[in-house]
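Please look over the model shown here. The text after it is meant to be read with the coordinates open.

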Amino acid sequence: MKKSPIVTVVAIGIGAALFFVLGRFVAIPSPVPNTNIALQYGLCAFMTVLFGPVAGALIAFIGHTLIDFSYGWGIWWSWVIASGVFGLLFGFASKKIKLADGEFGKKDILRFNIAQLCCHLVAWGLVAPTLDVLMFAEPANKVYLQCLVGGISNIVTTAIVGTLLCLAYAKAKPGKGSLKEEK
Amino acid sequence: MNDPIIRFEHFSFQYHAQAEPTLHDVCLSVRKGEKLLICGPSGCGKSTLAHCINGLIPFSYKGEIGGSLTIAGRESRELGIFEISRTVGTVLQDTDGQFVGLTVAEDIAFALENDCVGEPELHERVRTAAALVGVEDHLSHAPGELSGGQKQRVSLAGILVDDVEVLLFDEPLANLDPATGKQAIELIDEIQKETGAAVIIIEHRLEDVLHRHVDRVVLMNGGRILADTTPDELLAGELLRENGIREPLYITALKYAGVSVTADKRPDHIETIELSEEDQARVRAWFQSVPPAPEKPETPVLLAAEGVRFAYPNGREALAGLSLAVREGELSAVVGTNGAGKSTFCKLLCGFETQQEGTLRFAGQDMAELSIKERADRIGYVMQNPNQMISQTMIFDEVALGLRTRGVPEEEIRRRVEETLKVCGLWPFRSWPVSALSFGQKKRVTIAAILVLEPQIIILDEPTAGQDYRHYTEIMEFLLALNRRGVTVLMVTHDMHLMLEYAGRAIVFSGGRLIADAPCAEILTDETVIRRASLKETSLYTLAQRCGIDDGQAFVQRFIDYEREAVRT
Amino acid sequence: MRPLFNYIDRPSPVHRLTGAAKLVSMLLWTLAAMTTYDTRLLALLAVGGVALFAAARLRIADVSFLFGFILVFMVLNNLLVFLFAPEHGVSIYGTRHVLFSLGGRWVVTKEQLFYHLNLLLKYCAMIPVVMAFICTTQPSEFAASLNRIGVKYTVAYSVALALRYIPDVQRDYHEISQAQQARGIEMSRKESLIKRLKSASAILIPLILSSMDRIEVISNAMELRGFGKNKKRSWYMARPFTAGDVLAMILCALLFAAALILNRLNGGRFYNPFV
């Protein structure tokens, strides 16, 4: 794929659209009644590896804002910002992965998942609850629990969906080496 | 004569990632006010040539350039892509991709916005450009509210807001129904007369582009220019056929009839071609010599719709009392304009939506009780874009997916998948990743993934979209072979050649109803049906008239039978 | 499919304000509502928000499809707060007036109820205004507005692209998931969680990989039409500010200032009626 600032602009736009659609419509019922599993962070992590930290931050930030808008409950800035922080941090943490060149080996899987684990922990274990307490003066223990449940669910979905996406993308790149027809 | 606005001199190009040059020794010049058609099979280099003209090469796609390309007298690689875009305006094939504004007006304004054009000039120029292509009444519409033809008009307006000197169209007919395609070619012609710009059309549907006059046709293959001449010269020779480009049907018919097609007969248009008394007599003689194909015995009804009504939640009535029957072993085309109800009908069959009234029967059984999964065991549905269906990385797994989700034992899966791969000609690639396949091969994989469930009917949405003649033939021969093995095939399509050459009959939708269900030769010579379904009269019919054959429909039928019997086998 | 950001074309004074002014006003308003916990100001914002909703000639029916989500969200949030911190109000207001006990540590106090009232008011101060903004601002004006208030135009255009392609992505998702369902992919509760996630991937992979191809096409189209040529760009949908716009922004700025001043006067974010 070609690289140019315009590609990044478009990637952010399409990424945010995908983030929105996944977050708003692709609801996988979770074991806890009335809650759904957020798949959009898997997508966000995948696109961040491809397009870098700025794209990652903006995809999550814009996508999350649009989701909040569409539910009509106002904009939950604390969580929106946490989403953006995840994209940004993960962008830096995953810089070594050369997915754009079609490389995603065992080492990269490990690197990808350690990075996403750490970044999610910072976003949902630190940024979101702190902002929640600061902005809304909600009780700390409630906020931490809420964020932690959300964070763990995001870690799990990123691990599965994100990893599968990266693997699929790497394999979808035109194969190197020669393939032989079998009789 | 004015100076060429675009001039390639011994130009070559090699992408960085590729081992071989994509363009070799290209010499080509285009003057202002000229109209050029560039054709060639897939991979011949015509898209790369287009990228060179509009500046995507070398500014977005990097590679090695040899020779020289000047645009308006200046060497292209010394200009920037933005400077080139002031001279060359491009209308891309993917109208949804090119439509980047939220509304028609904003999309037309896009280039001006980037040039920081302010009020009131901005609104003024948008209105003018919109009026030029006839979308001035839709300025506040979102892309979702427009038809494919309208989107293309908006794309054209979007480049006409700047006074470009070259208009470049990349496969302008690919996503349009026949009647809309005809209008597009007429519009391009009018715009050229109005603006005096040079027009370059890249398209492999030769006959449709030649609907209006073209100055020169450039034929490419293997990265080289094989011919750069008038349409008349090219049609008279054998180069087109040798390079996998389909000739206009009337030319093919004339050649079958033994009429010699020479450039001085001006064969570029069915209305103007000079046919001597002797030529006409030959065509008549050929018509009478071909025996009519034996009629096929009638088979039992497999699929029936009775009074089916369906309206979407937004109130749009998509099917208004549809009744039709599909018989076992048929290979039929489903045609009609966008919004006529074709895709809604497919969705109802597959169980994605449920009709409000009426019944659908499969082999006499009411389908209401069947789940999506159960229907899929009987009716297979193949989407237009294989990339939207393929979810596994290995071919074997992709084909096996439907069986695995049905809990079939792995032993049996192996047997059935292998058998299907053999039927589909994918056996040599069984251990390849899907990504190593061409577009046409991927299409086969998606068909294989459906076939493995052993449905009695498969429905294909535009099975040959975006394929050149060779790949088109490959896919269609494959479907024909499946059909001979007893699979009933329904093809939703805009492609009139496909109808004529392969479909036994055509089921025509209009306004949510069935308006015709008859052999294709009958449909394509029936004026009312043609108009209502946005089809186009076949040039064979005109040829028949010009040769004094009264029964044009029979002539078209003879042509189809002859192709099937004499040529293909 | 219901349009998500449902712009409602029903002319009103609020509709006439330019998008940029509305965006600034909405941001200031929500900022004010977020900063303060002063019951009086929150009440004023809540009443003002409802009034604004009415002034925009919006009806409950226009947004009723969102009420379910909001209700669940508000009730759940309040319930959780009480469950986890029944003494939160006491710790904020410093007094303890017990009303009755629900057993164990869950004792209902006046302070706790008052805190919950404030929390509810906070939602009410924000929700009508955000809804009014969404329903009276055309999506296409939104991007122009972002650029107007200082967001880089490339980022503003990313937002425009997101809004432009959401319907397309939604349609693709729908079609792909139907085709995969026919092949037996299921995401219902019957399956195990891991299996559901894997099924979801069978739909997401074609959706996302085909979107990646699309990125290239769109960026070519934009580049060929001069996107990124200059340091700035003009916007077809941009409109000059009117007196009404300026007034609206000043008013909202005053509300935000009031929130800050009240924080100072109350010696904290809370208005305390208990001492």
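The model is a predicted one. For chain A the mean pLDDT is 87, and 87% of the residues reach 70 or more. Within chain A, helix H2 (residues 40-51) has the highest confidence, with a mean of 95, whereas E1(A) has the lowest, with a mean of 66. Where pLDDT is low, predicted coordinates should not be read in detail.

Chain C contains 10 helices and 2 strands. Along the sequence the order of elements is α-α-α-α-α-β-β-α-α-α-α-α. The radius of gyration of chain C is 24 Å, while a compact globule of 275 residues would have one near 19 Å. The C-alpha trace of chain C extends over about 65 × 60 × 35 Å along its principal axes. Of the 275 residues in chain C, 49% are buried. Taking contacts in chain C between residues at least 6 apart in sequence, 76% link residues at least 24 apart.

The two strands of chain C belong together. Strand E1 (residues 98-101) of chain C runs antiparallel to strand E2 (residues 107-109) of chain C, and 3 bridges join them. One bridge pairs Ser101(C) with Val107(C) in E2(C). E1(C) and E2(C) make a hairpin with 5 residues between them. In the turn, Gly103(C) has a positive phi of about 95 degrees.

Next comes the contact between chains A and C. Chain A contributes 50 residues and chain C contributes 54 residues. On the side of chain A, the elements that give two or more residues are helix H1 (5-25), strand E1 (28-29), helix H3 (53-71) and helix H6 (140-172). Of these, H1(A) gives the most, with 15 residues. By residue type, the side of chain A that touches chain C has 39 nonpolar, 8 polar and 3 charged residues. E1(A), one of the contributing elements, is also where confidence in chain A is lowest.

Which residues touch the most other members of the largest nonpolar core? They are Leu165(A), Ile200(B) and Ala162(C), in a core of 328 residues. Helix H8 (residues 153-182) of chain C gives the most to this core, with 15 residues. Leaving aside residues up to four places away in sequence, Leu165(A) touches Gly42(A), Leu43(A) and Phe46(A) in chain A, and Leu204(C), Ile205(C) and Ile208(C) in chain C. Another core, of 11 residues, lies apart from the largest one; Val81(C), Phe82(C), Ile92(C) and Phe114(C) are among its members.

Notes
Residues numbered from 1 in each chain as written. Chains lettered and ligands numbered in written order. Predicted model: local features only at pLDDT ≥ 70, side-chain atom pairs only at ≥ 80, totals over all residues. Helix = DSSP H or I, 4+ residues; strand = E, 2+ residues; numbered from the N terminus. Rg over C-alpha atoms; globule rule 2.2 N^0.38 Å. Buried ≥ 20, exposed ≤ 12 C-beta atoms within 10 Å, placed from the backbone. Contact = placed C-beta atoms within 7 Å. Nonpolar A, V, L, I, M, F, W, Y, C, P; charged D, E, K, R; others polar. pLDDT = per-residue confidence, 0-100. Pairing = 2+ DSSP bridges. Core = buried A, V, L, I, M, F, W, Y, C linked by C-beta atoms within 7 Å.
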